[in-house]
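Please have the sequence and the coordinates open while reading.

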Amino acid sequence: MAKGKPTTVTMKLAISRVSCQLMSMQSRGGRWGLDSALRPILLAAVPKPIVGDPTVPFLRHPGLTLALLLSLATSPLQAQTAPTSLDGVYASPAQMSAENRAALQAWLGKNRRDLGAPDAVAALAARLAPARVVGIGEATHGTHEDMVLKADLILALVREHGFRVVALESNRAVGERLQRFIAPGSAESDVGRALHESRIFEVYRVEALGRLLLGLQAFNRQAVEPVRVVGIDVQDPVRDGQAALAALRARDAARADRLQAALGTLVQGAPTSMPGPFAKATRAEWEAWRDAASALEAALPPELDPDGHEAAYALRMAIHTFEFNVQGASMMDLPTEAFTRRDVAMAERTVRAAGRQGRVALWAHDGHVADHGYLLAGAAAPTTGLALRQRLQAGYQSVNFTYGAATFHARRINAEGQMERGGAVPTWFRTMGPGSLDAALVDGGDAAAAFWVDLAAMPRDERFAAWFRATPFVRGGYGAAVMPPEMERAYESPDVLGYGVDVLVRLPTLSPSRFYAKPMP
């Protein structure tokens, strides 16, 4: 990338990069239904949402047995905070001609699948099942219903279609701890405790992910071929480095000691939120870490020690991911791909988890699983989804969500650009208005409609379809934190849906995610 005055592309990439960092800095047979005797147990086990009902039709699941519900109830949930509205903050740039609006609604009327139908999720799972990797997003990192639907969809892919790996947008050591929870023979029942002990990002210490883990645990108790959970993120250099060094020390203690000395403070102490040590590192320190991590990875060939090699790879990619944060680093000095190294690493680790024949359900944010580049840079700054599409072609399929109104959890970014940590996670409210993707889908119709639609089936040679693919829509896809309204107003860019999403799920309302309370010692 040329040096000098920042270009529009460069500045938007920088904004996108910061946004992605913020999304992930924190250490889902007959008509679905619940027996009337079980409904009070479920309602007592969870707090009332601000928006929505936890037992609306598309959130019911045939696998919700009494034992599973009681397991959910054993992990206490945190109380919610009052929401702050974000309505009226954003521009609405999308313009629709009457002809395109009518044609889009006619096509949706014929092709959308009602989520209240008995076979809605089963049909969606069947649609995705031929893929080798299915990336399933979430509208925000802090909402409940989209994550619950994602959990149920993953369970359907596991139970009915032979998916045997669930990859989480979480670090490698997190996956190891959660794998112990779901492993055949596991006697654990407190899923909230397991999530807290894993040190998974704060946004995922929630009931919806607990629902998935309990379902996987129940499946593994009877499965001939168990399912496993892996963490594919690369934001934990401490635990990744310590694991890789321990693997090398078992074979070559002297070499492990030399590399540990070279890695220094990067692999010492307890895990910390990123960018952590990178923000304090000089360029020379970063280069020493980079070289030591490369040597550590080379010393642990995958054919001899696959687990040690994977830990070393995650360490090396963490170092490359946070080059952007090293003291003195300038966005002008880094190539475009530097801003999405984390996404590319998560794609690589997902493919590795699949192996030669395996199939993977990927749990991550909408922005990661959609197979297009970040903002204006396109393929030069690929998402995880785009990297997987380039690798697997039609073997990768993606699912995104949209909503009419959402009450959601997210940390607050202060005027200095710092995330405010500690205490209860704030709650926010957002309604999608004119110019949003949701408004284009509903367009004066049934605002309470919940459905999914196969965008890959949309004709590419008709005017309305070309308009729909090329129009930038406001999405309201929040990560782990929300900036002050004036910053949101300046920095939120509408997204072009393009051909980056295969299946789109529309939910009318989303309520806040339900955090598990920190367990007692």
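The side chain of Glu 337 meets that of Arg 341 in a salt bridge with an N to O distance of 3.0 Å, a salt bridge being a side-chain nitrogen of Lys or Arg within 4 Å of a carboxyl oxygen of Asp or Glu. Arg 341, for its part, is buried, with a relative accessible area of 10%.

The model is predicted, so local features need pLDDT of at least 70 and side-chain atom pairs count only at pLDDT 80 or more, whereas totals for chains, interfaces and linings use all residues. Residues are numbered from 1 along each chain as its sequence is written, and side-chain values use heavy atoms, with hydrogens and water left out.

Helix α14 covers residues 341-354, and its 14 residues should span 20 Å at 1.5 Å a residue, which agrees with the 20 Å between its end C-alpha atoms; the expected span is 1.5 Å times one less than the number of residues. Helices (H or I, at least four residues) and strands (E, at least two) are DSSP runs, numbered from the N terminus. Twelve of the 14 residues of α14 are buried, so the helix is largely enclosed by the rest of the structure; among them are Arg 342, Asp 343, Met 346, Arg 349 and Val 351. After α14 comes Gly 355, which has a positive phi near 70 degrees.

## Salt bridges that reach helix α16

The structure holds 34 salt bridges. In one of them, the side chains of Glu 348 and Arg 391 meet with an N to O distance of 2.8 Å. Glu 348 belongs to α14 and Arg 391 to helix α16 (residues 384-392), so this pair ties together parts that are 43 residues apart in sequence. Glu 348 is buried, while Arg 391 counts as partly exposed at 47% relative accessibility.

Arg 389 forms a salt bridge with Asp 371, and the closest N and O atoms of the two are 2.4 Å apart. Because Arg 389 lies in α16 and Asp 371 in the loop between α15 (366-369) and α16, the pair ties together parts that are 18 residues apart in sequence. Arg 389 is buried with a relative accessible area of 16%, and Asp 371 counts as buried at 9% relative accessibility. Elsewhere, Arg 177, Glu 188, Asp 190, Arg 193 and Glu 197 are linked in a network of salt bridges.

## Two buried arginines

Arg 205, in the loop between α8 (191-198) and α9 (207-220), is buried yet has no salt bridge, and Glu 202, the nearest side chain of opposite charge, is 5.8 Å away. A polar atom of the Arg 205 side chain does lie 2.9 Å from the backbone oxygen of Ile 200.

Arg 514 is placed in the segment after β15 (503-510) and counts as buried at 1% relative accessibility. The side chains of Arg 514 and His 144 are joined by a polar contact of 3.0 Å, meaning a pair of N or O atoms within 3.5 Å of which, within protein, one must be able to donate a hydrogen and the other to accept it, residues adjacent in sequence counting only if both atoms are side-chain atoms.

## Helix α4 and its two sides

Helix α4 (residues 98-111) has 14 residues and reaches 20 Å from its first C-alpha to its last, close to the 20 Å expected at 1.5 Å a residue. Asn 100, Leu 104, Trp 107 and Leu 108 are buried in α4. Seen down the axis of α4, the buried residues fall within an arc of 100 degrees, so they line one face of the helix; the arc is that of the directions from the helix axis to the C-beta atoms. On the other side of α4, Ala 98, Glu 99, Gly 109 and Lys 110 are exposed.

## A three-stranded sheet

Three strands form an open sheet in the order β9-β8-β13, with mixed pairing, two strands being paired if DSSP finds at least two bridges between them. β9 (419-420) and β13 (481-482) stand at the edges with a single partner strand each, so one side of each is left without a neighbour in the sheet. Strand β8 (residues 411-413) pairs with β9 in the antiparallel sense over two bridges, and Ile 413 stands opposite Met 419 in β9.

Technical notes
Buried < 20%, exposed > 50% of the residue type's maximum accessible area, 1.4 Å probe, protein only. Lys, Arg positive; Asp, Glu negative; His and termini not counted.
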